[in-house]
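Me: Please take me through the model shown below, beginning with the terms on which a reading of it should rest.

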Amino acid sequence: PGVAGGGGGAGQAGEDGSPSGGGGQGGDGTASSITGSSVTRGGGGGGGSYNTEGRVSGEGGAGGGGDAGSRPTSNGTANTGGGGAGAPGSAGQEGLGGSGIVIISVPDAFYSGTVTGSPTVATGVSGKTVMSFTGSGSYTP
């Protein structure tokens with residue numbers, strides 16, 4: 001029986017898998033408050049385990065990492081950059097990493113120009129306008 005280590009997160013390394021304990025836990029992501037509230041992104045995916053002897057698979061790290069203990073294996077959470085989970089079982093399918101996000105912060109006094117796409121735009125966040133893009137788009141000053 002084999003086990004896999006958990007994926008590293010933006011804020012912490014993943015844990016090693018162990019033959020007695022199963023797949024390793026994904027590392028936690030890192031928190032930021034650039035959008036005005038604290039959000040954790042970039043968690044590592046949990047490591048899979050070949051479960052013929054009851055070993056558990058690892059959980060995804062905080063910040064969008066996928067959980068290998070679920071069936072089917074989970075993907076990283078969208079718009080977090082979280083890692084996909086390892087495959088639980090000998091023929092399982094590993095998860096996919098979560099899509100990322102682009103954040104642009106501009107001082108309110110200088111915010112003018114053209115925004116394309118559909119970003120979330122927040123004004124007055126510590127005197128800045130913050131644009132969060134989860135799909136295609138652009139900002140041209």
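Reply: Two residues are in contact when heavy atoms of theirs lie within 4.5 Å. This is a predicted model, in which local features need a pLDDT of at least 70 and side-chain atom pairs count only at pLDDT 80 or more, while totals for chains, interfaces and linings use all residues. Residues are numbered from 1 along each chain as its sequence is written, and side-chain values use heavy atoms, with hydrogens and water left out.

Me: How many helices and how many strands does the protein have?
Reply: Read from the N terminus, the elements run β-β-β-β-β-β-β. The count is therefore 0 helices and 7 strands.

Me: Which strand has the highest confidence?
Reply: Confidence is expressed as pLDDT, the predictor's own score for each residue on a scale from 0 to 100. The average over the protein is 86, and 91% of the residues score at least 70. Where pLDDT is low, the predicted coordinates should not be read in detail. Confidence is lowest in strand β5 (residues 120-125), at a mean of 85, and the highest, at 93, belongs to strand β7.

Me: What radius of gyration does the protein have?
Reply: The radius is taken over C-alpha atoms, and the globule rule is 2.2 Å times the number of residues to the power 0.38. Along the principal axes, the C-alpha atoms fill a box of roughly 60 × 25 × 15 Å. A compact globule of 141 residues would come out near 14 Å, but the protein has 18 Å.

Me: What share of the residues counts as buried?
Reply: A residue is buried under 20% relative accessible area, exposed over 50% and partly exposed in between, with a 1.4 Å probe and protein chains only. The protein exposes about 7,100 Å², of which carbon and sulfur atoms supply 50%; the areas come from the Shrake-Rupley method with a 1.4 Å probe. Of the 141 residues, the buried share is 30%.

Me: Is G24 buried or exposed?
Reply: G24 lies in the segment before β1 (30-32). Leaving out residues up to four places away in sequence, G24 touches A4, G5, G6, E15, D16, G17, G46, G47, G58 and E59. With a relative accessible area of 2%, which falls under the 20% limit, G24 is buried.

Me: Which residues does V121 contact, leaving aside its neighbours within four places in sequence?
Reply: V121 is part of strand β5 and is partly exposed, at a relative accessible area of 38%. The C-alpha atoms of V121 and S105 are 9.8 Å apart, and 16 residues separate the two in sequence. With close sequence neighbours set aside, V121 contacts Y111, T129, V130 and M131.

Me: What positive phi does N79 have, although it is not a glycine?
Reply: N79 sits in the loop between β2 (39-41) and β3 (102-107). At 27% relative accessibility, N79 counts as partly exposed. The positive phi of N79 is about 65°.

Me: What positive phi does S126 have, although it is not a glycine?
Reply: S126 is located in the loop between β5 and β6 (128-133). S126 is exposed, with a relative accessible area of 72%. The positive phi of S126 is about 55°.

Me: How far apart are the mean positions of the positive and negative charges?
Reply: Lys and Arg count as positive and Asp and Glu as negative, without His and the chain ends. Each charge is placed at NZ of Lys, CZ of Arg, CG of Asp or CD of Glu. For the 4 positive and 8 negative charges, the mean positions are apart by 5 Å.

Definitions and conventions:
Helices (H or I, at least four residues) and strands (E, at least two) are DSSP runs, numbered from the N terminus.
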